[in-house]
Amino acid sequence: MKLSTMISFLSALLLLCAPAYASGQSKAAGAAKGARTVNITGNDSMKYSLTTIPAHPGETLHIVLKNVGSMPKIAMAHNVVVLKPGTDGAKFTSAGMTARDTEYIAPSVKTQVLASTPLAGAGETVELTFKVPAKRATYPFLCTFPGHFASGMHGTIVVK
Ligand SMILES: [Cu+2]
């Protein structure tokens with residue numbers, strides 16, 4: 001390959017990679033800018049390491065969930081889905097039980113979701129950035145993977 005061909009090939013490659021790199025960077029910057037990071041782990045026993053998150057009205061939370069388990073993703077994955085105050089978690093999760101394509105969130109109850117992470121398999125980390133509403137209330141969060149809510153995989157963000 002001629003040097004000039006090689007250079008144009010390399011710059012084309014750089015251009016292709018640039019958008020991915022840029023979006024990764026802006027995400028990190030967005031999370032750092034004024035957001036408070038809350039780290040949670042989820043394990044093969046279907047438990048979060050943290051079930052109560054105190055928060056202030058209007059603050060930005062950056063919730064990072066790490067699946068520290070080792071079971072295959074098809075059998076065991078976790079997410080954090082933040083819901084509107086008063087949402088019935090049992091009803092919400094049973095509606096999504098078969099909605100595998102939409103991360104076990106049924107389209108019919110999607111309006112109850114304020115923020116969500118994707119599902120994390122063993123060793124994976126997922127995150128969400130969420131501006132806490134001004135309304136002082138208790139905002140439930142839960143894991144939508146079938147059976148996990150019933151096993152106790154839920155908690156609350158208490159805004160006061
Ligand atoms: Cu889970």
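The side chain of Asn79 makes a polar contact with the side chain of Thr144, at 2.8 Å. A polar contact is a pair of N or O atoms within 3.5 Å; within protein, one atom must be able to donate a hydrogen and the other to accept it, and residues adjacent in sequence count only if both atoms are side-chain atoms. The model is predicted: local features need pLDDT of at least 70, side-chain atom pairs count only at pLDDT 80 or more, and totals for chains, interfaces and linings use all residues. Residues are numbered from 1 along each chain as its sequence is written, and side-chain values use heavy atoms, with hydrogens and water left out.

Asn79 sits in the loop between β3 (60-67) and β4 (81-83). Helices (H or I, at least four residues) and strands (E, at least two) are DSSP runs, numbered from the N terminus. Asn79 counts as buried because its relative accessibility is 0%. Buried means under 20% relative accessible area, exposed means over 50%, and partly exposed lies in between (1.4 Å probe, protein chains only). His78 (ND1), Cys143 (SG), His148 (ND1) and Met153 (SD) coordinate the copper ion at 2.1 to 2.5 Å. Donors are N, O and S atoms within 2.8 Å of the metal (3.2 Å for Na, K and Ca); water is not among the atoms, so sites may look incomplete. Along the chain, the donors follow the spacing H-x64-C-x4-H-x4-M. The four donor atoms subtend angles of 86 to 135 degrees around the copper ion, which makes the arrangement irregular. Four donors count as tetrahedral if all angles lie between 85 and 135 degrees; four count as square planar and six as octahedral if opposite donors are over 155 degrees apart and all others between 65 and 115; anything else is irregular. His78 is buried, with a relative accessible area of 0%. Cys143 is buried too, also with a relative accessible area of 0%.

The chain has two helices and eight strands. Along the sequence, they follow the pattern α-β-β-β-β-α-β-β-β-β. Of the 160 residues of the chain, 35% count as buried. Among contacts between residues at least 6 apart in sequence, 72% join residues at least 24 apart.

Five strands form an open sheet with mixed pairing, in the order β2-β8-β7-β4-β5. Two strands pair if DSSP finds at least two bridges between them. The edge strands, β2 (52-55) and β5, each pair on one side only. Neighbouring strands of this sheet are turned against each other by 25 degrees on average, direction ignored. Axes are lines fitted to C-alpha atoms, for helices over the stretch in contact, and angles run from 0 to 180 degrees between N-to-C directions. Within the sheet, β4 and β7 run antiparallel and are joined by two bridges. Val82 has Phe141 of β7 as its bridge partner.

Strands β3 and β6 also pair in the antiparallel sense, over seven bridges. Here Ile63 has Leu128 of β6 as its bridge partner. Leu128 belongs to the covered face of β6 (residues 125-131), together with Val126 and Phe130. The uncovered face carries Thr125, Glu127, Thr129 and Lys131. In a regular strand the side chains alternate between the two faces of the sheet.

The loop between α2 (89-95) and β5 (113-116) holds Ala106. Ala106 counts as buried, at 5% relative accessibility. Its C-alpha atom is separated by 4.3 Å from that of Gly96, 10 residues apart along the chain. Neighbours within four places in sequence aside, Ala106 is in contact with Ala95, Gly96 and Ala99. Tyr104 is found in the loop between α2 and β5 as well. Tyr104 counts as buried, at 8% relative accessibility. Its phi is near 60 degrees, a positive value in a residue other than glycine.

Most residues other than glycine have a negative phi. Met46 also has a positive phi, near 60 degrees. Met46 lies in the loop between β1 (35-42) and β2. With a relative accessible area of 22%, Met46 is partly exposed.

Conventions. Contact = heavy atoms within 4.5 Å.
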